[in-house]
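Open the model in the viewer and keep the selection tool at hand. The stops below go through two interfaces in turn.

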4 protein chains.
Amino acid sequence: MDKITIGIIGAGRIGKLHAEHMSRNRQVVVQTISDVFITDELRAWAAELGIGSVTDNYKDIIGDPSIQAVFICSSTNTHVPFIVEAAQAGKHIFCEKPISLDYRQTAEALKAVKEAGVLLQTGFNRRFDHNFKRAREIVQDGKIGSPHLVKITSRDPAPPGEDYIKVSGGLFMDMAIHDFDMARYLSGSEVTEVYAQGAVLVNPVIGELGDIDTAVIFLKFANGALGVIDNSRQAVYGYDQRIEVFGSEGSVTVQNDHPNTAEISTKDSVSRDNPKYFFLERYHESYIDETRQFIECIVHGGEVPVDGRDALQAEKIAYAAKLSLQERRPVQLDEID
Amino acid sequence: MDKITIGIIGAGRIGKLHAEHMSRNRQVVVQTISDVFITDELRAWAAELGIGSVTDNYKDIIGDPSIQAVFICSSTNTHVPFIVEAAQAGKHIFCEKPISLDYRQTAEALKAVKEAGVLLQTGFNRRFDHNFKRAREIVQDGKIGSPHLVKITSRDPAPPGEDYIKVSGGLFMDMAIHDFDMARYLSGSEVTEVYAQGAVLVNPVIGELGDIDTAVIFLKFANGALGVIDNSRQAVYGYDQRIEVFGSEGSVTVQNDHPNTAEISTKDSVSRDNPKYFFLERYHESYIDETRQFIECIVHGGEVPVDGRDALQAEKIAYAAKLSLQERRPVQLDEID
Amino acid sequence: MDKITIGIIGAGRIGKLHAEHMSRNRQVVVQTISDVFITDELRAWAAELGIGSVTDNYKDIIGDPSIQAVFICSSTNTHVPFIVEAAQAGKHIFCEKPISLDYRQTAEALKAVKEAGVLLQTGFNRRFDHNFKRAREIVQDGKIGSPHLVKITSRDPAPPGEDYIKVSGGLFMDMAIHDFDMARYLSGSEVTEVYAQGAVLVNPVIGELGDIDTAVIFLKFANGALGVIDNSRQAVYGYDQRIEVFGSEGSVTVQNDHPNTAEISTKDSVSRDNPKYFFLERYHESYIDETRQFIECIVHGGEVPVDGRDALQAEKIAYAAKLSLQERRPVQLDEID
Amino acid sequence: MDKITIGIIGAGRIGKLHAEHMSRNRQVVVQTISDVFITDELRAWAAELGIGSVTDNYKDIIGDPSIQAVFICSSTNTHVPFIVEAAQAGKHIFCEKPISLDYRQTAEALKAVKEAGVLLQTGFNRRFDHNFKRAREIVQDGKIGSPHLVKITSRDPAPPGEDYIKVSGGLFMDMAIHDFDMARYLSGSEVTEVYAQGAVLVNPVIGELGDIDTAVIFLKFANGALGVIDNSRQAVYGYDQRIEVFGSEGSVTVQNDHPNTAEISTKDSVSRDNPKYFFLERYHESYIDETRQFIECIVHGGEVPVDGRDALQAEKIAYAAKLSLQERRPVQLDEID
């Protein structure tokens with residue numbers, strides 16, 4: 001078996017996560033990882049994983065003819081230029097979500113990808129989650145008939161720091177964007193209308209930064225179904241990731257994953273441990289799976305499971321949600337471009 | 001103990017239900033029941049229950065000086081005149097929901113009640129449900145902190161007939177009105193804004209009659225919380241009645257009641273029986289409790305647990321929802337009167 | 001409809017329970033209730049229910065030619081003589097469990113019943129429980145194939161007082177006897193072998209009285225299946241009543257009933273209220289059902305759902321369990337008599 | 001960090017499993033794997049994993065001075081001689097369960113281990129399972145008070161083939177041995193008495209081979225608690241691995257793991273996917289954890305989490321169970337040697 005040689009741009013939390021998974025994938029050689037800050041710890045970690053080299057210049061990756069695929073895990077504002085450069089260098093691309101905070105720039109990046117004829121996969125890892133994947137299968141197999149309602153609950157255990165909030169693009173673009181993709185994935189239909197309500201209930205500082213921390217977002221789908229997403233930056237009991245698709249012949253629900261099934265009964269109550277704390281625990285397997293499938297597509301051909309258009313559509317919905325919140329009205333998706 | 005003597009106007013399904021419960025309440029004498037259609041079956045049923053007399057004239061109840069309280073279970077369009085007459089006759093009143101399809105008329109009826117100084121309780125029986133009552137207690141005890149989100153799922157197992165749909169006042173007034181009351185009950189706060197989306201996905205005839213069968217309704221509360229209700233006229237798996245209140249310190253959820261806890265594991269799946277089929281099974285105890293408490297209030301004094309203003313507010317929210325759907329925009333509650 | 005006239009012997013907790021249910025049954029006239037201790041409270045309670053008379057002489061019931069059926073709810077040591085007298089007087093009999101602490105005497109009583117040709121139903125109310133009834137249906141419908149294992153967990157929330165322990169006949173006869181009946185009911189097969197282990201872990205006083213408070217009991221059934229019962233006099237979290245029947249094609253389990261479905265998630269855990277506290281809450285409906293069916297059998301004919309032989313078999317198993325514990329060996333049921 | 005060099009004897013399913021996990025462990029070098037049957041597939045698989053060499057002679061491992069630890073995953077009858085040889089060669093040992101079918105030989109092996117001063121860990125992987133570990137923690141933290149009852153359900157999805165049955169040592173030694181260890185692990189106490197019941201209900205061929213396929217096993221613990229294990233070789237709905245520890249202050253239960261949390265409601269029922277099919281799915285993480293901890297002990301010192309005495313005690317209980325079944329009587333553990 002020929003191995004795929006890859007480079008990873010960005011050695012933050014998510015870049016390192018992909019690096020660790022890729023270094024265990026027997027189909028892959030991790031040639032280079034780049035980051036703007038290189039530390040001794042980073043070098044030691046890379047050596048331990050058997051990564052060939054560490055650089056502070058991403059061009060060492062894009063310019064390396066031995067590298068076939070690039071993982072773009074750097075800050076969001078760099079995604080579009082890096083995609084364009086990588087595509088023009090003929091490299092397949094795995095890019096974290098969102099591609100950009102401006103869907104028009106995303107469209108530009110996709111154009112470059114198309115012209116270059118390379119693969120681009122977007123990091124909507126939740127599509128690979130065992131629970132959501134099963135729900136989607138059930139919907140697609142027609143077991144609940146035609147979808148009438150799609151409900152998504154998506155709440156983080158704790159809000160990010162102020163520095164992150166400032167550059168995040170806001171709750172819709174940073175957090176709900178996963179849910180916008182999930183809505184399309186579960187319903188098998190495009191979103192046509194968005195109405196969003198937001199509030200600052202968790203931390204007033206978030207409001208001072210011009211963002212919200214709590215939201216309810218209404219969706220309308222091309223197939224006639226209705227949808228609703230609720231978000232909070234702080235569920236004190238842990239990561240809350242549940243969905244329901246209700247249809248003409250039934251309903252499928254997905255509950256949270258817990259670290260164990262132990263249940264204690266005492267004189268006070270019957271209780272169990274909280275859900276898995278956050279995305280690294282809950283989506284551990286899905287991060288492995290999404291990149292494994294990306295490599296499979298390069299090796300064996302075929303379409304990537306989450307493509308650039310998926311990123312673009314989710315970004316447009318996020319933009320429509322923001323517009324809806326500002327203008328206090330439902331927004332049609334075809335108003336966006 | 002002195003007994004309370006009551007009369008029941010309307011011997012349809014719900015009038016008979018209250019009659020059966022009241023006839024088993026040792027504090028109550030059911031003196032008379034009236035209906036526009038009197039049959040031999042009705043007479044036999046009344047005799048069996050020990051009800052004193054059956055009449056086709058509701059004035060035999062309102063004009064009877066021995067009767068202290070009247071249960072109004074007749075068709076919605078009669079509620080207001082009957083309330084006014086009963087109040088003027090000095091009788092306490094238990095009235096089914098909604099009081100009327102026009103909140104302005106309801107306000108008129110409440111005025112008459114106030115002037116007469118009688119008690120008026122509205123039939124929002126779900127407040128007496130073991131599950132919702134417990135959720136409300138948990139919220140009021142501060143166990144989940146300040147409410148941020150209130151979510152209500154309320155789906156019937158099958159749509160009513162066309163004849164019923166025609167006079168029902170529409171999904172918001174007929175069905176969601178319970179959920180509007182539940183939203184106020186659970187959040188402990190008034191609704192200030194409504195945005196409603198509706199669709200005809202279950203049965204096109206419902207659309208032809210100018211109604212919808214599927215809805216998602218957004219609420220905003222005076223305390224800053226957000227709310228969302230989803231409704232369907234047809235959940236093929238049975239009556240779906242779940243809620244969640246999410247707050248700063250946690251969340252409380254209520255699942256459906258099932259007829260038993262038996263779970264079967266076979267080579268195909270692990271399964272259990274569907275939820276209780278419909279309101280008569282699910283809310284059996286709550287119907288007993290609401291009328292028992294009404295009688296208690298008459299006997300021992302005190303305020304009724306669900307008063308006329310609760311009816312009025314729910315009707316205003318229903319009206320706002322209808323307006324929102326028609327005008328495709330969020331509606332402020334203070335636009336309504 | 002002709003009404004059945006009944007008398008109730010014994011106005012303790014269970015006698016009063018049956019009296020309340022029977023007084024609401026439209027097919028029944030409760031003519032007389034007897035107890036060795038008559039108080040003003042008892043008289044007032046009986047008057048309230050519309051019970052004709054109160055007496056301290058059970059012969060006023062057995063000797064009353066207008067009475068067709070007798071409920072025997074007095075202390076266990078009186079059951080056999082009362083059954084014999086009632087049978088000889090031609091009255092149908094509902095008798096609480098166990099019929100006696102000596103299965104040979106029970107056999108004598110059954111002989112008298114047979115000779116008189118009257119109906120005798122035993123108070124194994126759990127057969128009428130919504131959960132266990134459903135489990136039995138599933139087994140009988142063949143959905144789990146041939147039963148291989150029957151597992152019964154039966155734990156009280158708190159031990160009875162010493163006075164009760166002294167006359168109870170011991171844990172096997174007093175408490176596990178319900179489970180012995182349940183084992184026969186669920187498996188559809190007779191018990192052929194018993195091996196019992198017991199311990200005093202809850203309260204040493206129970207041991208000093210010659211009883212145990214914790215037990216594990218093995219059963220072998222005629223159809224080849226194995227069974228196991230575990231008992232405790234004290235489950236601090238409430239009444240614990242679960243079963244499982246495992247077979248060649250699957251398994252059915254029954255979990256506890258809880259007072260509501262509310263679940264709270266906080267930073268500490270996800271929790272819910274404890275199971276229903278004790279038999280009056282958990283088996284409320286089953287007590288109504290068992291007596292309703294007894295009356296139905298008198299009115300319409302047919303066999304009672306739990307007959308004298310069911311009582312006798314359960315008592316024999318209890319006896320075998322006691323013998324097994326004493327002699328530390330498995331005991332064959334056919335050693336008993 | 002210095003790496004630990006290991007050799008693996010036996011390249012069957014479990015040997016290969018450990019090899020795969022160890023080859024991903026950065027603290028480990030897998031030097032050699034041996035098996036009596038060497039195929040091209042095995043060589044390719046080993047090369048892929050980076051295993052240094054493949055041999056058909058286990059002595060190439062035990063005689064290799066660079067190897068510090070040996071994993072014994074060969075057939076049970078070879079465990080004792082291999083342990084003795086490996087210990088005498090000064091190598092740490094990880095040995096699959098049971099160490100032998102004859103607890104006296106196991107004792108001999110342990111003597112050799114002790115004399116050599118090497119570490120020996122036994123493959124009771126279930127102690128590392130997320131569910132059971134959490135249950136044990138809860139018990140040890142005193143959250144359920146003193147244990148009164150330990151209940152273990154352990155059922156395989158399908159019986160092994162006849163060839164395996166023949167050499168397995170029987171259900172108690174082959175299958176229930178995990179449960180005997182679990183009983184000691186959960187209760188924190190030694191087993192003092194065993195009473196076993198067995199039946200052939202799944203497949204008569206198993207009976208013809210002198211084995212049973214269904215069992216209920218009673219245990220008595222030194223701390224006064226009682227225990228019960230139920231086993232079946234065939235649960236058609238999948239691997240059934242549940243436990244309960246009930247005590248003076250409460251109870252902890254562990255339910256099965258399922259592949260996802262999706263639940264489908266249709267007009268027929270509410271259902272979910274069966275539990276994880278078998279030990280490779282259910283105990284995937286625990287296999288990784290047990291060997292990771294073994295390596296940690298070698299690197300950092302300290303006692304192994306499951307030692308030779310744990311193996312010996314479980315084997316003695318299995319022997320006692322067999323004796324109990326044969327002689328149809330409870331057997332005291334101190335009868336065994």
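A salt bridge here is a side-chain nitrogen of Lys or Arg within 4 Å of a carboxyl oxygen of Asp or Glu. This is a predicted model, in which local features need pLDDT of at least 70, side-chain atom pairs count only at pLDDT 80 or more, and totals for chains, interfaces and linings use all residues. Residues are numbered from 1 along each chain as its sequence is written, chains are lettered from A and ligands numbered from 1 in the order in which they are written, and side-chain values use heavy atoms, with hydrogens and water left out.

**Stop 1: the two domains of chain A**

Select 4-118 of chain A as domain 1, then 128-279 + 314-335 as domain 2; these bounds come from an automatic or database domain assignment. Their C-alpha centres are 28 Å apart. How many salt bridges are there between domain 1 and domain 2 of chain A? The count is zero. Polar contacts (pairs of N or O atoms within 3.5 Å; within protein, one must be able to donate a hydrogen and the other to accept it, and residues adjacent in sequence count only if both atoms are side-chain atoms) link four residue pairs across this interface, both residues at pLDDT 80 or more.

The buried area, meaning the accessible area (1.4 Å probe) that two parts lose on being put together, summed over both, is about 840 Å² for the two domains, with 64% from carbon and sulfur atoms. Now pick A:K97, A:L101 and A:Y103: in domain 1 they lose the most area to domain 2, together 64% of what that side buries.

**Stop 2: chain D against chain A**

Show chains D and A together. In contact (heavy atoms within 4.5 Å) are 30 residues of chain D and 30 residues of chain A. About 2300 Å² is buried between these chains, and carbon and sulfur atoms give 46% of that.

Four salt bridges are counted between chain D and chain A. For one of them, display the side chains of D:R134 and A:D273, with N to O at 2.5 Å.

**Stop 3: strands across the interface**

Strands are DSSP runs (E, at least two residues), numbered from the N terminus. Select β12 of chain A (residues 250-254) and β13(D): the two pair in the antiparallel sense over four bridges, where pairing requires at least two DSSP bridges. Within β13(D), D:E263 is the bridge partner of A:T253.
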